[in-house]
Amino acid sequence: MPQQLPDVTHRVVPGPAGRIHLVEQGEGPLVLLVHGFPEFWYSWRHQLPVLAAAGYRAVAVDVRGYGRSSRPEAVEAYRMPDLVEDGVAVVRALGVRRAVIVGHDWGANIAAGSALLRPDVFRAVGLLSVPYAPRGGPRPSDLFAAMGGEEEFYVSRFQRPGRAEAEIEPDVRGWLAGFYAALSGDTMPAPGAPDPHFAAPGGALRDRFPAGLRPGWLGEEELDVYAAEFERTGLTGALNRYRNMDRDWEDLADHDGAPITQPSLFVGGALDASTTWMADAIEAFPVTLPGLVSSHVLDGCGHWIQQERPEETGRLLTEWLGAIGDATP
């Protein structure tokens, strides 16, 4: 599917850091779609027309640091409160007062942070892949450094400026293809194989990516679109999100343990490490997401939910949106 989809409108609106690029389709209550790493608005290509057909104004943004949105140079410009205010700026620029926000991967964290920090703007929240876990516990960098023993956890690797870029940017297309395959339900390494979330001492993450495998959702054209965009922008803006996790932990100290009370949705993949590693967070939803309307774990699905299972994701989103209605307080 080409990047230039039919019946969508590309717009650039002002944001706190400069410009925010978005793609919109449809009319009705606003649903803001926030992508994760390493993606951009294009990851929502299947859901935009589905939501529009269901009577919603579907808007997929390029998160700060990605795509055609501004990419500030300062690492600290990518902390969570700033990304939340980007979403608020989009809602205001589109001329509405409140919106539903739906995020995948890092976008799920941004969506959760948006619902937590700006409940006046975000009336409901949908989380794909990454469940909500309230702020708390040890400093994130300390926690990640302790994972894996002698091996290095991917988050720790991404947190060091320049290190991940040195691995990815010489072969953006090949690295992305391997990363997408490593976390897709139909191509991820078999149970017991070396975990692609970790790098061996002296090795690279891509050493453990599946060789020569392509997930069913990723054709040549889709990979070309992703590769071209990240070859153009580089990866630093995207990776700077990982480099602010300790700052987020500090910024959200006043919200330690806080629940999200708006109507919510969770969709996870049964084969996704985000679902299995964070099983305790899912079990805690009655306390942490007291407004949870529905929760789904999709059998055989990996991390890239809205692309691996586009029809099912569209159905679950529209059913949830229909259940919460247009006038959610």
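Me: How much space lies in the largest pocket?

Reply: About 1300 Å³. This is a predicted model, so local features need pLDDT of at least 70 and side-chain atom pairs count only at 80 or more, while totals for chains, interfaces and linings use all residues. Residues are numbered from 1 along each chain as its sequence is written, and side-chain values use heavy atoms, with hydrogens and water left out.

Me: And what do pocket and volume mean here?

Reply: On a 1 Å grid over the protein atoms alone, a pocket is an open set of points with protein on both sides within 12 Å along at least five of seven lines; a cavity is a set where a 1.4 Å probe fits but cannot get out, and lining residues have an atom within 4 Å of a point. Points are joined across faces, edges and corners, and the volume is the space filled by probe spheres set on them.

Me: OK, which residues are closest to the centre of the largest pocket?

Reply: N109, V130, F144, M245 and M278, out of 44 lining residues. Helix 3 (106–117) is among the elements that give two or more residues to that lining, and its 6 residues are the largest share. Helices here are DSSP runs of H or I with at least four residues, strands are E runs of at least two, and both are numbered from the N terminus.

Me: What's the lining like by class?

Reply: It has 31 nonpolar, 8 polar and 5 charged residues. Nonpolar covers Ala, Val, Leu, Ile, Met, Phe, Trp, Tyr, Cys and Pro, charged covers Asp, Glu, Lys and Arg, and the others, Gly among them, are polar.

Me: What about the second largest pocket, how much space is in there?

Reply: About 300 Å³. It has 18 lining residues, with M188, P189, D195, H197 and L271 nearest the centre. Helix 11 gives the most to that lining, 3 residues.

Me: Now cavities. How many are there of 30 Å³ or more?

Reply: The structure holds 3. The largest cavity has about 120 Å³ of space. Its lining counts 14 residues, and V61, V63, L83, D86 and G87 are the closest to its centre.

Me: Which helix gives the most to that lining?

Reply: Helix 2, with 4 residues. By class the lining divides into 9 nonpolar, 2 polar and 3 charged.

Me: And what lines the second largest cavity?

Reply: G15, P16, A17, G18, R19, I20, R64, S70 and D86. The space in that cavity is about 40 Å³, and strand 2 (residues 18–25) gives the most to its lining, with 3 residues.

Me: Back to helix 2. At what angle does it pack with helix 3?

Reply: Helix 2 (residues 80–93) packs with helix 3 at about 80 degrees, with the axes 9 Å apart. Axes are lines fitted to C-alpha atoms, for helices over the stretch in contact, and angles run from 0 to 180 degrees between N-to-C directions. That makes the two helices roughly perpendicular, a label for 65 to 115 degrees.

Me: Which residues meet there?

Reply: M80, P81, L83 and V84 in helix 2 meet N109, I110, G113, S114 and L117 in helix 3. Contact means heavy atoms within 4.5 Å.

Me: Last one: is P119 buried, partly exposed or exposed?

Reply: Partly exposed, with a relative accessible area of 39%. Buried is under 20%, exposed over 50% and partly exposed in between, using a 1.4 Å probe and protein chains only. P119 is in the loop between helix 3 and strand 6 (122–128). Leaving aside neighbours within four places in sequence, P119 is in contact with R98, S114 and Q262.

Definitions and conventions:
Parallel < 35°, antiparallel > 145°, perpendicular 65-115°, else oblique.
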